Amino acid sequence: MGTTIIAISNQKGGVGKSTTAYNLGACLALKHDKKVLLVDFDPQANLSEYLKYEQDGSPTMTQLIMSLYTGNPLNAETVQKAIHHNETAGVDYIPSDINLANAETLMVTMISKEYILRKVLSEDVISGYDFVLIDCLPSLGTLLINALTAADRVLIPVQTQKFSMDGLQSLEALTQLVRVNTNPKLNLVGVLPTMVDRTKVSRTAMDTLNEKYSAMLFTTSISKSVEAAKSSENGTPLCLTGHRIGKEYDELALEVLSRC
Ligand SMILES: Nc1ncnc2c1ncn2[C@@H]1O[C@H](COP(=O)(O)OP(=O)(O)O)[C@@H](O)[C@H]1O
Ligand SMILES: [Mg+2]
């Protein structure tokens, strides 16, 4: 098996992208012995927080991009300096920081601006990993286009609430544009219902998702649970907690493995 790069994206914030990146990554690593690299590609850097990243002078994603901006070739050793390890989740990761937002502004003017992340995640850097999970930011700009250009598959978490489908169309349109222009192999791995509860709103949203995505909807859905917030605070992957939501992320990992 080669490396599968999955972009976790939805242009809405707060739908469970970072929680899914962390917990799916941890589950693949801890329960399935996969080598996992998490890539924080959101200037809000929530995933880096979940991973308890502390600035130590080594480069973040921002500096890797800036290095390409200034015309310096980016070799694998430099990228390796930005790769950290999180023991609890059993994963490697590249952190982000708030300055990634400024980097995005500069990226717009770069040559081949869609391929910058792909250059960062070169074959030399990622060949040792089974999965690379890119935690995307909630917008449809240059950073997202880079993530979709670097990825093999897209995983879309959708919060099962009112208006949850809003904006998915623009994400799909962008995915199609990327497929045509920069990355023909890009494919959906699945749509993941998140924060599912017993309310009517949630049930209605599930029905709509079923209708719209049928086979592309994961069989697994993620319940609304306070354990999610607790886990992101204390850094314990949900698959180690024995809570229902942990089992759901286990099942998601199995589905992702069978789909990739
Ligand atoms: N299944 C869930 N149930 C309840 N709260 C959740 C769930 N998943 C995530 N959260 C919480 O919702 C907030 C947003 O989640 P996050 O994964 O950061 O979303 P995104 O990355 O899409 O912005 C966080 O506070 C997180 O702890
Ligand atoms: Mg996030």
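1. Contact here means heavy atoms within 4.5 Å. In that sense Met61, Thr62, Ile65, Met66 and Tyr69 of H3 meet Leu100, Ala103, Leu106 and Met107 of H5. By class, this contact has eight nonpolar, one polar and no charged residues (Ala, Val, Leu, Ile, Met, Phe, Trp, Tyr, Cys and Pro count as nonpolar, Asp, Glu, Lys and Arg as charged, the others, Gly among them, as polar).

2. Before going on: this is a predicted model, where local features need pLDDT of at least 70, side-chain atom pairs count only at pLDDT 80 or more, and totals for chains, interfaces and linings use all residues. Residues are numbered from 1 along each chain as written, chains are lettered from A and ligands numbered from 1 in written order, and side-chain values use heavy atoms, with hydrogens and water left out.

3. Back to the helices (DSSP runs of H or I, at least four residues, numbered from the N terminus). The axes of H3 (residues 61-69) and H5 (residues 100-107) come within 9 Å and cross at roughly 25°, so H3 is roughly parallel to H5 (angles under 35 degrees count as roughly parallel, over 145 as roughly antiparallel, 65 to 115 as roughly perpendicular, the rest as oblique). Axes are lines fitted to C-alpha atoms, for helices over the stretch in contact, and angles run from 0 to 180 degrees between N-to-C directions.

4. Now the ligand. An oxygen atom of ligand 1 is 2.6 Å from an N or O atom in the Thr19 side chain, and an oxygen atom of the ligand is 2.9 Å from one in the Lys17 side chain. At Val15, a polar backbone atom lies 3.0 Å from a ligand 1 oxygen (polar contacts pair N or O atoms within 3.5 Å).

How values were computed:
Helices (H or I, at least four residues) and strands (E, at least two) are DSSP runs, numbered from the N terminus. A polar contact is a pair of N or O atoms within 3.5 Å; within protein, one must be able to donate a hydrogen and the other to accept it, and residues adjacent in sequence count only if both atoms are side-chain atoms.
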